[in-house]
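Please look over the structure below.

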Amino acid sequence: MHFSKLLLLTLFTTASFGYELKVNKTFEENLESDRMELHFSFIAKKKSAKETKELLHPAIAIIKQHPQCKGGGYTLSPEYNYKSSKRELLGFVGRANFECSFKEVEEIDDITTFFDTQTNLELQQAPIKWVVGKENIKIAKTSLELKAIRYAKEYAQILKKENIAQCHEKKVEIHTSSSVMHEAQAMLMAKSSMETPTKEPTLISINATYEFECQ
């Protein structure tokens with residue numbers, strides 16, 4: 001093994017002529033994405049708050065019928081025009097938010113068809129993306145954490161086998177700010193363009209810091 005490839009290896013001399021060894025290491029795993037995710041909002045604008053809500057409520061009720069989508073909370077706020085230091089009420093703006101999770105684009109055909117027919121609602125959406133289910137991410141992170149813990153003993157054994165040092169584990173710190181990386185795929189919320197985005201692997205990673213006492 002070429003130890004020049006090890007990350008951030010630092011030696012500190014101690015009073016007993018031993019030293020401390022610090023090592024940082026990243027553990028990664030690529031997971032196959034198993035579902036797609038879509039976040040979207042729709043906006044209604046009318047002269048009165050009542051008229052705005054009359055547009056929002058039926059649309060929210062229709063989307064809530066689909067088990068693939070969660071959400072439905074909305075905000076309602078006045079919209080003003082300022083002219084010559086005077087404030088003029090233009091109307092009210094309502095925004096409802098949803099998040100959908102599905103494995104096939106066809107699962108949300110009814111939703112996209114609904115918005116194709118709506119002329120009084122403005123649709124805004126984030127790009128559709130492939131993601132890994134939360135339970136699978138949790139399992140992968142636990143596996144990486146166990147691998148990181150075992151690495152402490154493995155590393156000490158490597159140092160001993162290569163006659164580099166006699167070390168024993170002092171401290172292992174696994175950083176909880178693990179990362180999940182995936183590629184987003186841009187897609188318009190229109191039935192004619194609802195094609196399955198390209199599936200990219202999802203990278204799960206955690207970082208660990210090791211401290212050893214060596215002779």
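K22 is partly exposed, with a relative accessible area of 32%. This is a predicted model. In the model, the side chain of K22 meets that of E211 in a salt bridge, at 3.8 Å from N to O. E211 lies in strand β10 (residues 202–214) and K22 in strand β2 (residues 19–31), so the pair ties together parts that are 189 residues apart in sequence. E211 counts as buried, because its relative accessibility is 16% and the cut-off for buried is under 20%.

How many salt bridges does a search of the whole structure find? The search finds 6. One of them joins E32 and K199, whose closest N and O atoms are 3.6 Å apart. E32 sits in the loop between β2 and β3, and K199 in the loop between β9 (184–185) and β10, so this pair ties together parts that are 167 residues apart in sequence. E32 is exposed, at 62% relative accessible area. K199 is partly exposed, at 39%.

K129 and E37 also meet through their side chains, at 3.8 Å from N to O. K129 belongs to strand β7 (residues 128–131) and E37 to strand β3, and the two are 92 residues apart. E37 is buried, with a relative accessible area of 15%. Salt bridges with shared partners also join E20, K170 and E213 into one network.

## Strands around β5

Strand β5 (residues 86–102) pairs with strand β3 (residues 35–46) in the antiparallel sense, over 11 bridges. Here K45 stands opposite V93. Strand β4 (residues 69–83) also pairs with β5 in the antiparallel sense, over 13 bridges. N81 has E88 in β5 as its bridge partner.

β4 and β5 form a hairpin with 2 residues between them. In the turn, S84 has a positive phi of about 55°.

## A nonpolar patch

Which residues form a nonpolar patch on the surface? They are Y80, Y82 and L89, with about 320 Å² of accessible area together. L89 is in strand β5. L89 is partly exposed, at 41% relative accessible area.

## Confidence

The chain has a mean pLDDT of 84, and 83% of its residues reach 70 or more. Confidence is highest in helix α1 (residues 49–64), at a mean of 96. Confidence is lowest in strand β1 (residues 10–13), at 43. Over residues 1–15 the pLDDT is below 50. It also stays under 50 over residues 184–193. Where pLDDT is low, the predicted coordinates should not be read in detail.

Terms used:
Residues numbered from 1 in each chain as written. Predicted model: local features only at pLDDT ≥ 70, side-chain atom pairs only at ≥ 80, totals over all residues. Heavy atoms only, no water. pLDDT = per-residue confidence, 0-100. Helix = DSSP H or I, 4+ residues; strand = E, 2+ residues; numbered from the N terminus. Contact = heavy atoms within 4.5 Å. Pairing = 2+ DSSP bridges. Patch = residues over 30% accessible without salt bridge, like charges linked within 9 Å, V, L, I, M, F, W, Y side chains within 5 Å. Areas by Shrake-Rupley, 256 points an atom, 1.4 Å probe, with all protein chains shown as cover. Salt bridge = Lys/Arg side-chain N within 4 Å of Asp/Glu carboxyl O. Buried < 20%, exposed > 50% of the residue type's maximum accessible area, 1.4 Å probe, protein only.
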